[in-house]
Amino acid sequence: MIKYGFVRVGAAVPEVKVADTEFNTQKIIEIMDKAIENDVYLTVFPELCITGYTCGDLFQQPLLLDMALKSLKKIADKSSGCKNVFIVGLPLMINQQLYNCAAVVQNGKVRGIVPKQYLPNYNEFYEKRWFSEGRNLSDDYVNIFGHDVPCGNNLIFQDELTGELSFGVEICEDLWMPVPPSSFQAKNGAVILCNLSASNEVIGKNEYRRMLVKSQSGRCIAAYVYTSSGVGESTTDLVFGGQALIAENGTILIESRRFARESQLIMQDVDVKRLYYERANISSFSEPDPTVAGRRVVLEPVSFELKELLRKIDKHPFIPADSTECNERCSEIFSIQTAGLAKRLTHTGLKKMVVGISGGLDSTLALLVACQTADMLNLPRKNIIAVTMPGFGTTGRTYENAVNLMKSMDVDLREIDIKAACLQHFHDIGHDPDVYDVTYENVQARERTQILMDIANREGGLVVGTGDLSELALGWSTYNGDHMSMYAVNCGVPKTLVKYLVTWYSENIATGKTASILKSIADTPISPELMPPNENGEIEQKTEDIIGPYELHDFFLYYMIRHRADPGKILYLARIAFKDQYDEKIIKKWLKVFYRRFFSQQFKRSCIPDGPKVGTVSLSPRGDWRMPSDASAALWLSELEDE
């Protein structure tokens, strides 16, 4: 068994001397020792690493082939007593034909042989001079060291007890084909794809290899472990650089240092459980491919509990760590929001937008999107009716930010104080205005929504909603209050990303006074401002004091929905990500709050307005998330008690 679905894989680039099997085997064994020491379950070595790739006509020498087989025996013997898996490359005679093969070794035995399917025979490559193509091999087994070993390109190696721990193997050129063998292997259940390569260096080729590995891992929803021969393979006209890569579902996790003269072993932890269940959610991926039936090879079960993860767990998974990527992401989000709102306006024939502005993050982002939409449609900014509605909890800071922002954006600024209307409503329903309960709060929220809806009717406009994805997850909105609008532009954007977007806009698009106002808004504590301020006139009701830090809730939301992680795994990952910020007790407390609120508040999500899907996490009841409004959270909370 493997805890939480993480398994450590490695890509090795050993020192090599062409045709020196003794030297090469010793270097392979040294890396094997390191892999075992570091709990690396699966280690992939380069193509023909036992002999070297550039042996040329020496592959026709029986001595070299015999010594390669003896080296394989040494490697297999070295693996005795451990469940770690090693994949090495060697030339192998099968039925009087020589094949470029990968040998899968575990606990003293060769578990399978995979021949290279596609042989390059162009430019600097002459493989067909020495080898036969593996796709023409009809034998299902080959006798090695007195045992019949499964042989073929359709082998799927699978752990005996852990179904999601399975892998397939292809060799170098196979990946460069229009439909690589690994595509069929993935369809037939391989979650980790391995490639033994000997790809020489020319300008730009390394980037193309990265692209191939990255795209194949994404296309196959798999981890991809790729390694290529190092500088010792260089000879005559060719130079090899030893590029090794480990990717997961379209992302490169780690890569080697090219042109290193010493041996390298890169390692990374891949989440096979996440990949396994990600595939289960994609109906087009779910059935095996009938054109290439997979043959399962059962491996001895492993039980690794990684004490520490090698991979970095980001605190803010919705925000890319790379600044360039982050800039592109922010620009794209604004484009998606703007395009969605523009389509709704043109479809309805409406020319005006109505937005409630509180001086907080969400309404600020909605106003920025509305302004960008007006500009796109060549509508005057005055067609945006921005309404600030001071209530019992409005502070001077948020009021000034709201008014100043609306002025700087040159919209139709309107101010409607809701206190008198709310007091009248308290009187009408018999509520004591000195009792600060949920009625006190929700009356204000619903009064504001009623005002916006009525203005929209009167002006022929569309109410632009401001609520975000995090609030939808937690149900942190007033039913039929701020819960409702005519188009919810922020419904796909989590709170941590809302804050980042406002900051990004202030630094990259806004200028002068607008930029400084946006920075002030981003620095303001998050609050619905439905309770009176403190004696200093400052915000008393702080959302994160009540329901917990949004950065934690966004983390929980991401891993629950995007990775389908169970509570124990989310807690485990959160402990790693926030180890310098929150202790386990605090994380567990807010994770329980998250589950309770997420389950109990589904009824609000079941009737939310339309809004643009922005990222891979969406809670729209019409699209990505269909959940019973009365489902119980008992199982999820119970698991947390056992952690």
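The UniProt record, an unreviewed entry, puts the feature "binding site" at Gly-356, Ile-357, Ser-358, Gly-359, Gly-360, Leu-361, Asp-362, Ser-363 and Thr-466. UniProt positions follow the numbering used here, feature names are shortened, and annotations may be inferred rather than shown by experiment. These residues span 111 residues in sequence, yet no two of their C-alpha atoms lie more than 11.9 Å apart, so they gather at one spot. From this set, Thr-466 is part of the lining of the largest cavity (on a 1 Å grid over the protein atoms alone, a cavity is a set of points where a 1.4 Å probe fits but cannot get out, and lining residues have an atom within 4 Å of a point). Gly-356, for its part, sits in strand S16, residues 352-356. Strands (E, at least two residues) and helices (H or I, at least four) are DSSP runs, numbered from the N terminus.

All of this comes from a predicted model, in which local features need pLDDT of at least 70, side-chain atom pairs count only at pLDDT 80 or more, and totals for chains, interfaces and linings use all residues. Residues are numbered from 1 along each chain as its sequence is written, and side-chain values use heavy atoms, with hydrogens and water left out.

Now for the helix pairs. Helix H1 (residues 21-37) and helix H2 (residues 62-78) have axes that come within 10 Å and cross at roughly 20°; axes are lines fitted to C-alpha atoms, for helices over the stretch in contact, and angles run from 0 to 180 degrees between N-to-C directions. H1 and H2 are therefore roughly parallel to each other (angles under 35 degrees count as roughly parallel, over 145 as roughly antiparallel). By class, the contact of H1 with H2 has seven nonpolar, three polar and four charged residues; Ala, Val, Leu, Ile, Met, Phe, Trp, Tyr, Cys and Pro count as nonpolar, Asp, Glu, Lys and Arg as charged, and the others, Gly among them, as polar.

Helix H9 (residues 396-408) packs with helix H14 (residues 512-522) at about 150°, their axes 10 Å apart. That makes H9 roughly antiparallel to H14. Arg-397 and Leu-405 of H9 and Lys-513 and Ile-517 of H14 are among the residues making the contact, which by class has four nonpolar, five polar and two charged residues.

Key:
Angles under 35 degrees count as roughly parallel, over 145 as roughly antiparallel, 65 to 115 as roughly perpendicular and the rest as oblique. On a 1 Å grid over the protein atoms alone, a cavity is a set of points where a 1.4 Å probe fits but cannot get out, and a pocket is an open set with protein on both sides within 12 Å along at least five of seven lines; lining residues have an atom within 4 Å of a point. Contact means heavy atoms within 4.5 Å.
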